[in-house]
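Here is a short report on one structure.

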Amino acid sequence: MINFFVSALHAATLGFMLCFLIIVAPNVHRILTPESAGALLRKLFPSIFIFGLTMVAVAAILALLEGQTLVGGLSSASALGFAVNAFIIAPTINEHRDAVSAGDTSRSSKFRATHRLSVIIYLAQIIVSFACLLLLFGN
């Protein structure tokens with residue numbers, strides 16, 4: 001029964017992450033002005049990361065209680081990624097973006113590199129949730 005909840009948490013995480021990646025992000029940049037898109041994404045990202053952190057942290061705890069150490073470890077790593085994105089990387093991205101907007105073009109490469117790191121973590125988390133589902137359904 002616990003494996004069902006762990007699976008549901010990872011399926012939900014995978015679903016909201018793919019929805020944001022495929023539907024929300026491209027349309028925000030296509031429809032809104034750069035200023036409006038930036039303001040919206042500054043509000044969305046922390047919420048998304050904290051929501052994801054909560055989901056996979058609960059999945060990690062439940063998996064570990066069930067003796068699913070690999071799924072628990074992968075879920076824990078994903079939770080760490082959400083925490084790093086929420087509390088370290090997103091604020092750093094915002095600082096670099098603000099500096100670039102204020103005319104400090106030297107921070108542009110730092111913004112791009114930090115944003116790229118955030119995207120890599122996000123994509124890795126998608127893979128982790130998918131892998132956890134495969135592991136859980138394989139048992």
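## A buried threonine

Thr114 counts as buried, at 14% relative accessibility. Buried means under 20% relative accessible area, exposed means over 50%, and partly exposed lies in between, with a 1.4 Å probe and protein chains only. Thr114 sits in helix H4. Helices are DSSP runs of H or I with at least four residues, strands are runs of E with at least two, and both are numbered from the N terminus.

Leaving aside neighbours within four places in sequence, Thr114 is in contact with Ile89, Thr92, Ile93 and His96. Contact means heavy atoms within 4.5 Å. Gly67 is 47 residues from Thr114 along the chain, and their C-alpha atoms are separated by 36 Å.

## Basis of the model

This is a predicted model: local features need pLDDT of at least 70, side-chain atom pairs count only at pLDDT 80 or more, and totals for chains, interfaces and linings use all residues. Residues are numbered from 1 along each chain as its sequence is written, and side-chain values use heavy atoms, with hydrogens and water left out.

## Overall layout

The chain has four helices and zero strands. From the N terminus on, its elements run α-α-α-α. The C-alpha trace spans about 55 × 25 × 20 Å along its principal axes.

The chain has 139 residues, and buried residues make up 34% of them. Take the contacts between residues at least 6 apart in sequence: 72% of these join residues at least 24 apart.

## H1 against H2

Helix H1 covers residues 2-31 and helix H2 covers residues 34-65. They pack at an angle of about 165 degrees, with their axes 9 Å apart. Axes are lines fitted to C-alpha atoms, for helices over the stretch in contact, and angles run from 0 to 180 degrees between N-to-C directions. H1 and H2 are therefore roughly antiparallel to each other. The classes are roughly parallel for angles under 35 degrees, roughly antiparallel over 145, roughly perpendicular from 65 to 115, and oblique for the rest.

The crossing of H1 and H2 is left-handed. A crossing is left-handed if the near helix is turned anticlockwise from the far one by less than a right angle, and right-handed if clockwise. The residues in the contact of H1 with H2 divide into 22 nonpolar, four polar and no charged. Here Ala, Val, Leu, Ile, Met, Phe, Trp, Tyr, Cys and Pro count as nonpolar, Asp, Glu, Lys and Arg as charged, and the others, Gly among them, as polar.

## H2 against H3

H2 and H3 also pack at an angle of about 165 degrees. Their axes are 7 Å apart. H2 and H3 are therefore roughly antiparallel to each other. H2 passes H3 in a left-handed crossing. The contact of H2 with H3 has 17 nonpolar, nine polar and three charged residues.

## H1 against H4

The axes of H1 and H4 come within 9 Å and cross at roughly 150 degrees. That makes H1 roughly antiparallel to H4. H1 passes H4 in a left-handed crossing. On the H1 side, the contact residues include Val6, His10, Phe16, Met17 and Phe20. On the H4 side, they include Tyr122, Ile126, Cys132 and Phe137. By class, the contact of H1 with H4 has 16 nonpolar, six polar and no charged residues.

## Nonpolar cores

The largest nonpolar core has 17 residues. A nonpolar core is a set of buried Ala, Val, Leu, Ile, Met, Phe, Trp, Tyr and Cys residues joined through side-chain atoms within 4.5 Å. Met17, Ile48, Phe49, Phe82 and Tyr122 touch the most other members. H1, H2, helix H3 (69-101) and helix H4 (108-138) each supply at least two residues of this core.

Ile48 touches Phe16, Phe20, Phe82 and Tyr122, not counting residues up to four places away in sequence.

## Exposed positions

Ile88 and Ala131 are 43 residues apart in sequence and 26 Å apart in space, C-alpha to C-alpha.

Ser106 lies in the loop between H3 and H4. Ser106 is exposed, with a relative accessible area of 51%. Ser106 and Ile121 are 15 residues apart in sequence and 24 Å apart in space, C-alpha to C-alpha.
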